[in-house]
Amino acid sequence: MAEPLLDRAWRASRRLRVNGEARAHYVICGQDPLAYWLVRTLLVGEPQAGRVRITLIVPERRRSPGPDGRELPGIEVIRTDRLDEVAFRRAGLAGADGLALLHQDDVGNMHAALCAQEVEPRLRLVVRMFNTGLANGVRQIFPDSAVLSDASMAAPAFVAAALGEVAPTHFRHGGRTLYVARRDDVRPSEIVCGVADTRDPQQDLVLPADDRAADVVLAEAAGRPAGTELAARRLARARRRRRPGAMLLQAVRSFATRKIGIAVILVLAMVAVLGALYANAAQVGWADALYLTLVTTLTGQDPDTAKSPAEQVMQVVLNLAGLTLIPLITAVVVDGVVNARLALHTGRSLPERSGHVVVVGLGNIGMRVMAQLNDFGVEVVAIDKNRDALGAALARRLGVPLVVGDAGQEETLRAASVATCQALVVVSTDDGANLRAALNGRAINDELWVVLRLFDGDFAERVQRAFDIGTSRSVSYLAAPSFAAALLDRAVIATIPVGRHALLVTEVPVASGSALDGRPLANVGRSGSVRLLAHARGGQRLDWAPDPRMVIVAGDRLTVVARRAGLNALLRDSAPPEPGPPTSAGVPPPREAGE
C-alpha cells in the first residue's frame with residue numbers, strides 16, 4: 001500500500017508543476033454508453049466540476065448506436081483508432097491523475113494499459129474487464145489499479161427486478177454483514193437505516209429525511225445468512241410442479257406448422273360434412289356412414305351403377321376430397337418429422353412450465369443473471385440466437401434449458417413458456433431486438449412482468465413509461481458510479497441500485513483543517529443525498545449509533561451511504577483546504593500597504 005500512496009502524492013505535486021493549475025486530469029478511453037455515463041458522473045452536477053479536466057479518447061467513427069460522450073461539453077476529445085503511446089501523449093497522459101480503459105476487449109485493454117505505463121509509470125488505472133479471472137494478474141502488473149466488471153455490478157439489479165424484490169446487495173463492513181431488503185421482510189431491530197421510499201411508482205425518493213418513510217432499508221444479517229427469508233420466499237413462489245401430460249401437449253402443438261394444420265382441419269371438416277350428406281343419401285346409420293365415408297375418401301370405392309344418383313354424386317365428391325386429404329396427411333408427417341428434429345437441435349421441445357424466469361441473451365449480463373437466479377433456486381429458461389453463446393456452456397452445466405432462436409419471434413417465446421412465466425428478462429446487446437422481444441412477450445401475456453435492458457438510459461425511461469414495461473435498466477448507468485469512484489480513488493464498499501438511482505456505500509476520512517473538522521456529526525447527513533451509517537475515531541472500532549452532537553476531529557472515518565453528487569460534496573467538505581497561490585523561490589507575496 002505504501003507505493004501507491006507515494007505515487008498519488010507524486011502525481012499531486014507533478015500536476016501543479018506540469019499543468020500549472022490545480023485541476024485533476026483524467027483520461028477516459030471508450031466507445032459505448034459506459035464512457036458517456038462515466039464522463040457525466042465526473043462532470044454533470046458535481047460541485048468540483050470546474051476543477052476536473054477530462055480527456056476522452058474515442059475511435060474516429062462511432063461504433064455503437066448509443067452515446068459515447070464525444071458530444072458532451074467541457075471535455076477534450078481525441079479521435080484515434082489505436083491506443084498506443086502516441087495517442088496517450090496527445091491526450092496529455094503524462095502527469096494525469098487517472099486512466100480509465102473501458103473498451104469491450106480484455107486483451108485490448110491490457111495492451112493499452114502496458115502502452116500507458118510507458119508514458120506514465122505512476123498511474124491510477126481503472127480497467128473494464130469481462131474476464132474477472134484476469135483481475136489478480138492486472139493488479140500485480142499495475143499495483144495502483146482497479147479492475148471492474150460492469151456486468152457483475154449490474155446483474156443483481158436485473159435479478160432483483162425480475163423477482164420484484166430489492167437488489168440482493170450483501171456486503172460486510174466493520175464486523176457486520178449488511179444487506180438491502182424491504183422493511184416488511186426484516187425485524188425492526190435489524191434495520192440500520194432507511195434507503196428509499198419506492199411506494200410511488202412515478203418517482204423513487206432515496207434517503208428520505210424520516211427513516212420511517214422508507215420501505216427499502218439497509219439491515220443487518222443477525223444470526224442467519226443474509227437474505228435467507230427472501231430467498232426462501234422466492235423459491236416458494238417460483239418452484240411449481242409441471243402439469244401432467246405437458247410434454248405430450250407441447251409435442252403435439254409443435255408437430256406441424258400452423259398453415260398445414262389449418263389446411264388439414266378445413267379438409268377434414270369438408271369430409272365430415274360430405275360424409276353426413278352421403279349417409280343421408282344412402283339412408284344408413286352413423287356407424288355405417290363413418291365406415292363408408294372413410295373407405296370412400298381414403299381408398300376409393302368400386303363404381304356401382306345401381307346406386308341412386310345422390311349416392312353416386314357424393315361418392316365422386318368424397319373421392320375428390322380424398323385426393324386432397326392424402327397429400328396433406330403426407331405433408332403433416334414430413335413436416336412434423338422435420339420440426340421434431342429441429343426442436344431437438346434447438347432445444348424447443350421443452351415441456352410446458354410455469355413460475356419460471358425467461359432470460360433472453362446469454363452474454364456477459366445474461367449469463368450472470370441466469371446464474372444468480374439459479375443460485376436463488378428459481379427455475380430459469382434461457383433464449384439466445386447462438387447455440388454457442390458465451391453463457392451456453394454455463395447453462396448446460398447448471399441444467400438450464402436453452403432455446404436457440406430469435407426472441408423477437410412469437411414461436412421462440414412460446415417454446416420457453418413465456419405465457420406462464422414469472423418474468424421475462426431481456427438483456428441482449430441489441431436495443432431493437434430487446435424491445436421487440438419485450439413487446440412480443442406482452443402480446444402473448446398482457447400481464448407479463450418484463451425487465452428490459454437498454455443502453456440509453458433516457459430511452460429506457462421513456463420506453464418504461466410509454467409501453468408500461470415493468471422495469472428498464474441501463475447497465476452503463478448502473479455501473480458508472482463505481483467506475484467513477486475507482487477513478488477518483490475512493491474506497492467504494494458497495495453499490496446499491498434503487499430504481500433508476502445508484503447509491504454508494506463508502507468510507508470518508510476527515511482531513512485536518514477541512515470544513516468538517518470541528519463540526520458536529522449532525523452536519524454530515526443531508527436529506528435525499530447523504531446518510532451517515534457509522535463513525536470511527538482514530539484506530540477505534542466503528543460506532544454504528546454515534547451521537548449526532550459529537551464533534552468531528554481530523555482523522556475520523558465516516559461510513560456513509562450517498563448519491564454520487566452528495567458524496568462529492570461530502571468529499572469536498574472533508575478534504576484539506578486548497579493551498580494558496582505558489583510563491584517565487586519560497587518568498588511570500590508582498591504585504592499590502594496598511595497591513
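Two strands pair if DSSP finds at least two bridges between them. Helices (H or I, at least four residues) and strands (E, at least two) are themselves DSSP runs, numbered from the N terminus. This tour applies these terms to a predicted model, in which local features need pLDDT of at least 70 and side-chain atom pairs count only at pLDDT 80 or more, while totals for chains, interfaces and linings use all residues. Residues are numbered from 1 along each chain as its sequence is written, and side-chain values use heavy atoms, with hydrogens and water left out.

**The whole protein**

The protein contains 18 helices and 21 strands. Of its 595 residues, 51% are buried, where buried means under 20% relative accessible area, exposed over 50%, and partly exposed in between (1.4 Å probe, protein chains only). The accessible surface comes to about 28,600 Å², and carbon and sulfur atoms account for 56% of that surface. Such areas come from the Shrake-Rupley method with a 1.4 Å probe; for residues, only the protein chains shown count as cover. A contact requires heavy atoms within 4.5 Å. Among contacts between residues at least 6 apart in sequence, 66% join residues at least 24 apart.

**First stop: strand S11**

Select residues 216-220, which form strand S11. Four of the five residues of S11 are buried, so the strand is largely enclosed by the rest of the structure. Which strands pair with S11? Strand S8 (residues 176-182) pairs with S11 in the antiparallel sense over five bridges, and Leu178 stands opposite Glu220 in S11. Strand S9 (residues 191-197) also pairs with S11 in the antiparallel sense, over four bridges. Here Ala196 has Val216 of S11 as its bridge partner.

**Second stop: Thr55**

Next, select Thr55, which lies in strand S2 (residues 52-58). Is Thr55 buried or exposed? Thr55 counts as buried because its relative accessibility is 0%. Now display the residues around Thr55. Leaving aside neighbours within four places in sequence, Thr55 is in contact with His25, Tyr26, Val27, Ile28, Glu76, Ile78 and Ala91. Thr55 and His25 are 30 residues apart in sequence, yet their C-alpha atoms are 7.6 Å apart in space.

Two of the links to Thr55 are polar contacts. A polar contact is a pair of N or O atoms within 3.5 Å; within protein, one must be able to donate a hydrogen and the other to accept it, and residues adjacent in sequence count only if both atoms are side-chain atoms. The side chains of Thr55 and His25 are joined by a polar contact of 2.9 Å. The side chain of Thr55 also makes a polar contact, at 3.5 Å, with the side chain of Glu76.

Rings of Phe, Tyr and Trp (its six-membered ring) pair if their centres lie within 6.5 Å; planes under 30 degrees apart count as stacked, over 60 as edge-to-face and the rest as tilted. How many aromatic pairs does a search of the whole structure find? The search finds two. Select Tyr36 and Trp37 for one of them: this pair is edge-to-face, with 5.2 Å centre to centre and 80 degrees between the planes.

Finally, select the four strands that form an open antiparallel sheet in the order S18-S19-S21-S20. Strand S18 (492-498) and S20 are the edge strands, each pairing on one side only. Within the sheet, six bridges join S19 to S21, and Thr506 has Val560 of S21 as its bridge partner. Helix H18 packs on this sheet, touching S19, S20 and S21, and its direction makes about 15 degrees with that of S19. Axes are lines fitted to C-alpha atoms, for helices over the stretch in contact, and angles run from 0 to 180 degrees between N-to-C directions.

Select H18 (residues 564-574) to see its buried residues, among them Gly566, Leu567 and Leu570. Their cover includes strand S19 (501-509), strand S20 (530-536) and strand S21 (557-562).
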